[in-house]
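Subject: Structure handover

Hello,

Here is the structure I said I would pass on. My notes on the ligand site and on one helix follow it.

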Amino acid sequence: MKNNRLIIVSYRLPFAFETVNGGTIVKASSGGLVTAMKSLDFSNATEKPVWVGCADFSRRTWEKNKHLVNEDFEYVPVFLDRKIQQDFYNGFSNSVIWPLFHYFTTYVDYQEKDFVAYQKANEAVSETVAQLMKPQDIVWVHDYHFMGLPKLIREKQSDATIGFFLHIPFPSYELIRILPQKCKEYLLTGLLGADLIGFHTNDYNIHFLQSVQINLGVQHKIWKVNYQNRLIQSDAFPVGINYSLYHDSYDNADVVEERAALKKAYKDNKIIFSVDRLDYTKGVMQRLDALEAFFRKYPEWTEKLTFILVVVPSRDEILKYGERKVMIEQAVGRINGKYGTLIWRPIVYRYGSVSFPQLVALYSACDVALITPIRDGMNLVAKEFVASRKDHQGVLILSEMTGAANELSTALHINPLDENDVADKMRIALEMEPEEQARRIAIMQRRLKEYDVKKWATSFVESLLNMHSVQQIEPTPLLKSETNFSLQERYAQARSRLLLLDYDGTLVNYKTKPEQAAPPLEVINVLGRLASRRENYVVIISGRDQQTLDEWLGFLPIDMVAEHGSYIKQQGLWRRDILDDGSWKQIVSPVLIDFVTRCPGSFVEEKSHSLAWHYRSAESETGFVRSRELINTLENLLPYQLRVIDGNCVVEIKSTETDKGKVAKQLSLARPYDFVLAIGDDRTDEDMFSALTLENQYTVKVGPGTTSAAYRVEGVHEVLGLLKDFTSETVPL
Ligand code: GDG
């Protein structure tokens, strides 16, 4: 990790002060995050890692007791105003983001004041971080409490290295839609302030990228988003556990003793075990329903099975959590009353936490771990259970709605709402042969051992540093610097030049209807003059069809590329450069026509190898919203060899066989040019810019927006000015 210092930001600091016998003691948390952060190798860093989090103690308590806290990190508590803290944490974080991101839409309780508090809390934390930060530092922000933070930090320090990891699911864009516009923009643009955004699974990653595309109109390519001249990577990093800690603790003396006590207490019974925070997402009620179904279906298990249910208190100030506790306790009482006997209680219920040795003893003493969340970002309990089974025994029943289900492939997967199926799987688990149990556990253990928490944290930080180092540099404004002059000089010195010029938005301004954009005399003259120099090879490279290009420019001594590379005209002859037979149009056309009906003013243009849905003449907001829907519809519908281009007020579908980049590359290699210039304004021109990266190849983006071009001009008038300068007498030839 070279010399970088790590700054971790999470809602809680990894310790708590407790009062015991009138004195204060510190309890260090042993959660996965602490282990992960400690496992990173910062041995070369000259300073201790820093941990920033919200204080759940007073300034006075801190000043008096901070010397008690361990010295692994430098801890920086942020003291929020009480009311802000309450509305930020219980309000927006846990009564809007938490339920929404776990698909509990009816539990969302949006209040304007809570959103304001969320922003204020993020602002306060960003100020603390900014004050601490030094140039080589890496900031790693954790979780949904701080989704606004990456952007706020970036605003204060533009070249900061910032990573963000979301520990909960990122839901489908349909759910993000529910949030008021200002909230979704705040959250999404907030995250885009990072260099790297991590999720537990690929699904969450895709959901995020789709939300960015649909809500902000920002496209992504191979997990990368180009936003405000920065490149942001968004990817899956499934969190691991401290495998050896759980595995090796099997033989720890306290664990051995606790396990023996459990085995003795339940010696005639099989044990099913579960432990979770009290949270509606964890599916405890559904688990109890399934248990009831099990005793109904399989009465022969009466007096032969004990379900140890540990529920850990959590967020008890929020009404929905308090209600849940009552519901669970009523269900436990009902099942015990209904199925219990004078000598046997089916459920042993504990509301409270257990010690680490007790936890590992329960993991390793039980016959079945029953984990049934309705949604869970990952679920560490499932992984910890598997790791603890040094004896290779025990069966994991795991909800398919957890991130962990992707990795724990030999668990018995269930849908927590299907109580009959869960009951059947319980029976299968309880009756599973020891050899089969061992086979399944061994497969999962291999995975967990290899991808442990250290691997997770290290690969995240490595990707973050990598991403930061390839950040894009803002293209140089061409006409406001000396670059213009030097570009002219290089043009003048060159003996053989290739000029690749896009048409619409580059040589002529956009018109409401595409057919109105015929070239004015000024354009024809400048192209004619450029083409008359024998050193110059001028090519118009456009998305337009060949007929239109021929009609407007065919009389000039220049070559042309039509439909983004599907047709090329050289030495007066058009040739088709693509095998695509256009049969896909039959599928795509009806979709586009449907969008024309739903978006007045839009229309479909059919070209030989592409279809374009134009919405420049539609009411602008409707056009934009519909275009996002169309892109999403098409991306789910299209076969691999087609590409959707999100252009300037146009959505175009074409074959991936060719694009402007491939053609530009081909043309640039056809002769040893010593000056290649490509100018364009649209997304499709980005292919051309990415393909031309050699020293004597100059790329110019017209207008605003993210680009990989080296230079930028403001508009068509500047392009024409530049081209005229090339042909003027002042340029030494
Ligand atoms: C969030 C996401 C994601 C629980 N009770 C006791 C105890 N625990 C420990 C477990 C485990 C952790 O707490 C719970 O982790 P989970 O992953 O199961 O759930 P969340 O708290 O909701 O965590 C989740 C996670 O972040 C990480 O990214 O997996 O999806 O919701 O480590 O062992 N530990 C002890 N006594 C207890 O009573 N000692």
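In what follows, Ala, Val, Leu, Ile, Met, Phe, Trp, Tyr, Cys and Pro count as nonpolar, Asp, Glu, Lys and Arg as charged, and the others, Gly among them, as polar. On that basis the shell around the ligand divides into 11 nonpolar, 5 polar and 4 charged residues. Please keep in mind that this is a predicted model.

The ligand site

The ligand is surrounded by 20 residues, of which His-167, Val-354, Asp-376, Leu-380 and Glu-384 are the closest. Domain 1 (6-236) and domain 2 (243-450) each give at least three residues to this shell.

Which side chains place polar atoms by the oxygen atoms of the ligand? Glu-384 has a polar side-chain atom 2.5 Å from a ligand oxygen. For Arg-277, a side-chain N or O atom is 2.9 Å from an oxygen atom of the ligand, and for His-200 the corresponding distance is 3.1 Å. Taken alone, the ligand exposes 730 Å², and the protein buries 81% of that. The elements that supply two or more residues to the shell are β12 (270-277), α13 (356-365) and α14 (380-388).

Helix α5

Helix α5 covers residues 149-156, and its buried residues are Leu-149, Pro-150, Leu-152, Ile-153 and Arg-154. What covers these buried residues? Among the covering elements are the strands β1 (6-12), β6 (138-142), β7 (161-165) and β11 (230-236), together with the helices α4 (112-132) and α7 (181-191).

Regards

Methods
Residues numbered from 1 in each chain as written. Predicted model: local features only at pLDDT ≥ 70, side-chain atom pairs only at ≥ 80, totals over all residues. Heavy atoms only, no water. Near = heavy atom within 4 Å. Polar contact = N/O pair within 3.5 Å; in protein donor to acceptor, adjacent residues only side chain to side chain. Areas by Shrake-Rupley, 256 points an atom, 1.4 Å probe, with all protein chains shown as cover. Helix = DSSP H or I, 4+ residues; strand = E, 2+ residues; numbered from the N terminus. Domains from an automatic or database assignment. Buried < 20%, exposed > 50% of the residue type's maximum accessible area, 1.4 Å probe, protein only. Contact = heavy atoms within 4.5 Å.
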